[in-house]
Amino acid sequence: MERKPSRRPEVGDADDPGIVLDPAAARLLLNPQARMVLGPFFGRDVSVGEAAAELGLKPNTLLRQVQGLVTRGLLRVSVQQRRAGRPIKRYRVTHERFFVPFWATDAITLEELLMAAVEEPNRLISRSVARLSSAETSRLGYLITRRDSGRIAHDLSLDGQRCLTLEDLERPWLREGRTLYLTPERARLFVQELSGLLDRYGEKDGEAHLAFVAVAPLGVGR
């Protein structure tokens with residue numbers, strides 16, 4: 001794996017607020033939770049109370065996070081509405097697009113940086129699945145079988161006889177991965193269809209679910 005260059009490359013003007021040079025700010029932008037908090041402040045001026053209602057967080061909890069984002073130069077007070085007592089502050093991102101150069105992060109290698117991006121979603125998925133399945137812990141296990149397609153699958157099972165199905169689950173979830181053999185054209189089509197499926201279910205109607213999708217060539221043949 002290629003390591004970082006010993007000297008920093010020239011990436012635009014260092015004073016450009018869109019280029020994040022502060023490692024602490026870079027860590028925030030690469031953190032899914034921090035990006036979620038930033039979401040309501042893109043393209044509009046929003047108060048902490050309005051953003052908290054949108055995100056389903058307590059205003060005081062969000063205020064602490066917002067103050068940290070302001071300190072790191074990612075948010076700014078864009079409007080102060082005067083009123084009796086304390087004015088209402090509205091916040092907005094300091095730039096509508098942020099660029100985090102690889103060399104400005106804490107990662108030693110590009111692989112380390114990419115692994116950090118998938119660590120948090122995987123941890124959240126594992127925590128949620130464990131919480132949903134906790135009542136069945138004493139019976140739950142993995143069933144390893146060979147499918148008709150030849151794929152060796154590992155699926156959760158309660159009795160070692162059959163895999164858990166959607167009908168068995170009060171709260172449905174899915175965590176599955178497999179190797180697909182695709183031409184470049186079919187791989188592009190597959191990625192487009194997955195992206196479209198995420199967009200199709202992207203409306204905020206119901207409780208939050210994490211859908212984490214990753215597709216990448218393995219660089220190996222059959």
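Let us begin with R90, which sits in strand β3. Before going on, note that this is a predicted model, where local features need pLDDT of at least 70, side-chain atom pairs count only at pLDDT 80 or more, and totals for chains, interfaces and linings use all residues. Residues are numbered from 1 along each chain as its sequence is written, and side-chain values use heavy atoms, with hydrogens and water left out. Helices (H or I, at least four residues) and strands (E, at least two) are DSSP runs, numbered from the N terminus.

Is R90 buried or exposed? R90 counts as buried, because its relative accessibility is 16%. The cut-offs are these: buried is under 20% relative accessible area, exposed is over 50%, and partly exposed is in between, with a 1.4 Å probe and protein chains only.

Which side chain makes a polar contact with that of R90? It is the side chain of E50, at 2.6 Å. A polar contact is a pair of N or O atoms within 3.5 Å; within protein, one must be able to donate a hydrogen and the other to accept it, and residues adjacent in sequence count only if both atoms are side-chain atoms. Not counting residues up to four places away in sequence, R90 touches D45, V46, S47, E50, R76, V77, S78, V79 and Q81. Contact here means heavy atoms within 4.5 Å.

**The sheet**

One of those residues, V79, stands opposite R90 in β3. β2 and β3 pair in the antiparallel sense, over 6 bridges. Two strands pair if DSSP finds at least two bridges between them. The open sheet has 3 strands, in the order β1-β3-β2, with antiparallel pairing. Its edge strands, β1 and β2 (75-81), each pair on one side only.

**Helix α3**

Now to A51, which lies in helix α3. A51 has a relative accessible area of 0%, so it is buried. Leaving aside neighbours within four places in sequence, A51 is in contact with P40, F41, V46 and L62.

Which residues of α3 (residues 48-55) are buried? They are V48, A51, A52 and L55. Seen down the axis of α3, these buried residues fall within an arc of 100°, so they line one face of the helix. That arc is taken from the directions from the helix axis to the C-beta atoms. The buried residues of α3 pack against α2 (32-38), β1 (46-47), α4 (59-71) and β3 (88-93). After α3 comes G56, with a positive phi near 75°.

**The core**

The largest nonpolar core has 20 residues, and V20, L38, F41, L62, V66, L74 and L75 touch the most other members. α3 gives the most to this core, with 4 residues. Such a core is a set of buried Ala, Val, Leu, Ile, Met, Phe, Trp, Tyr and Cys residues joined through side-chain atoms within 4.5 Å.

**The whole chain**

Overall, the chain has 6 helices and 5 strands. Of its 222 residues, 21% count as buried. As for confidence, the mean pLDDT of the chain is 79, and 82% of its residues reach 70 or more; pLDDT is the predictor's confidence in each residue, from 0 to 100.
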